[in-house]
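Colleague: I'd like to learn how to read a few features of this model with you. Could we start with how helices cross?

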Amino acid sequence: MVGTASTLLNIRLLVRQLTGNPSPFQLSDSDIDFYVNTFFTQALPAELKTFSLRVNYEFWTQPNVDTYSYDKTAFTNFENPIYVDGYQIIWTQWEQEFYGYYPKLDTIDNFLSAGNGTTGPYSFSLNSTPVLQNTVNIFADPGSGTNMVMIDDGNGNLINSITGGAGSGTIDYLTGAGTVTFPSAVPSGSNISGTWYSYVAGRPLMCLFFDDQFIFRPVPNRVYRVSVVANQNPTQLIANGDSPTINQWWRYIAFGASLYVFQQRRDIEQYNQFYPLFLKEQNLVIYRTLQQQKDQRTRTIYTDQLNGSYNYLNNWYTNP
């Protein structure tokens, strides 16, 4: 081995020793790096939830925006509890529970404007505001019996519900004022109608984590700091001197990458021979987390009752 044991250079050397491929002509460095980083950034965080990969993930809400995405390559999952400006709020991953508390009921207006025999533009004003992004639908019958539907794109634009179709428009989410041009002419006197979701903004009290997005209710009325525990993905090892998050992991990574080599070559005998050694290295890695957690019992819904501690969620609805 060369220099510091935990570097990518030494991980490669160990993979060569374990797989019996001392020459780059048998197994190239680029192939080894592929197996190493596939295991390190995908398999390791999926198999082990180590204390060293848990971080506080923070982001900030924006006024009148309810849905927030994140970098899916950076994190594997998020864990309850979640806090908004330091207040613990309700966390759920079930739509039926979230929308049971906060039903997503559309406001309907059967007459926003009247057709004049052209495609537009037509001006209109929604009578219940503010309006939630990605919930506006403006439609009209061109006389063929099939309604033309224009939807908002979340950025204040109205677009044809058929991707790439003609038509355009705008919508102001705060005032409800908008204009729309349809892909075909609207017959004179034909009604132009709409549906949308209006809301009362406030400090969020509940979060739905669904489809890799955070959705808040009430819709935030200002900037709030959101904090939640996240399990992050490790960063790839690129340069010879790069080391994993914890130096101890280097042998575990080498054994994991070696199993990929055996698997790729369909060498089942070698795979089965090395798998118990891989599990031993895995146990050594997880031992660090077990040592960190050994003095604290697993939390349940009864933990606070036994400890006599204060449970904020029992009182969340009484705090302003």
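This is a predicted model: local features need pLDDT of at least 70, side-chain atom pairs count only at pLDDT 80 or more; totals for chains, interfaces and linings use all residues.

Colleague: Which hand does the crossing of helix 1 and helix 4 have?

Modeller: Helix 1 and helix 4 cross in the right-handed sense.

Colleague: And what numbers go with a pair like that?

Modeller: In general, two packed helices are described by the angle between their axes and the distance between the axes. Here, helix 1 (residues 8-19) packs against helix 4 (residues 250-264) at about 45°, and their axes are 9 Å apart. That angle makes helix 1 oblique to helix 4.

Colleague: Which residues meet in that contact?

Modeller: From helix 1 you have Asn10, Ile11, Leu14, Val15, Leu18 and Thr19; on the helix 4 side they meet a set including Trp250, Ile253, Phe255, Val261 and Phe262. By type, the residues of this contact divide into 11 nonpolar, three polar and one charged.

Colleague: Okay, sheets next. How do I read one?

Modeller: The general idea is that strands of a sheet pair through backbone hydrogen bonds, either parallel or antiparallel. In this model, five strands make an open sheet, ordered 5-12-7-8-9, with antiparallel pairing. Strand 5 (107-114) and strand 9 (158-160) are at the edges with a single partner strand each, so one side of each has no neighbour in the sheet. On average, neighbouring strands here are turned by 25° against each other, direction ignored.

Colleague: How many bridges join strand 8 to strand 9?

Modeller: Three bridges link strand 8 (residues 148-152) to strand 9, and the two run antiparallel. Met150 is the residue standing opposite Asn160 in strand 9.

Colleague: One last thing: is Gln282 buried or exposed?

Modeller: The cut-off for buried is under 20% relative accessible area. Gln282 has 15%, so Gln282 is buried. This residue lies in helix 5 (residues 268-293). Leaving aside neighbours within four places in sequence, Gln282 is in contact with Glu47, Leu48 and Tyr252.

Key. Residues are numbered from 1 along each chain as its sequence is written. Side-chain values use heavy atoms; hydrogens and water are left out. Two strands pair if DSSP finds at least two bridges between them. Helices (H or I, at least four residues) and strands (E, at least two) are DSSP runs, numbered from the N terminus. Axes are lines fitted to C-alpha atoms, for helices over the stretch in contact, and angles run from 0 to 180 degrees between N-to-C directions. Angles under 35 degrees count as roughly parallel, over 145 as roughly antiparallel, 65 to 115 as roughly perpendicular and the rest as oblique. A crossing is left-handed if the near helix is turned anticlockwise from the far one by less than a right angle, and right-handed if clockwise. Contact means heavy atoms within 4.5 Å. Ala, Val, Leu, Ile, Met, Phe, Trp, Tyr, Cys and Pro count as nonpolar, Asp, Glu, Lys and Arg as charged, and the others, Gly among them, as polar. Buried means under 20% relative accessible area, exposed over 50%, partly exposed in between (1.4 Å probe, protein chains only).
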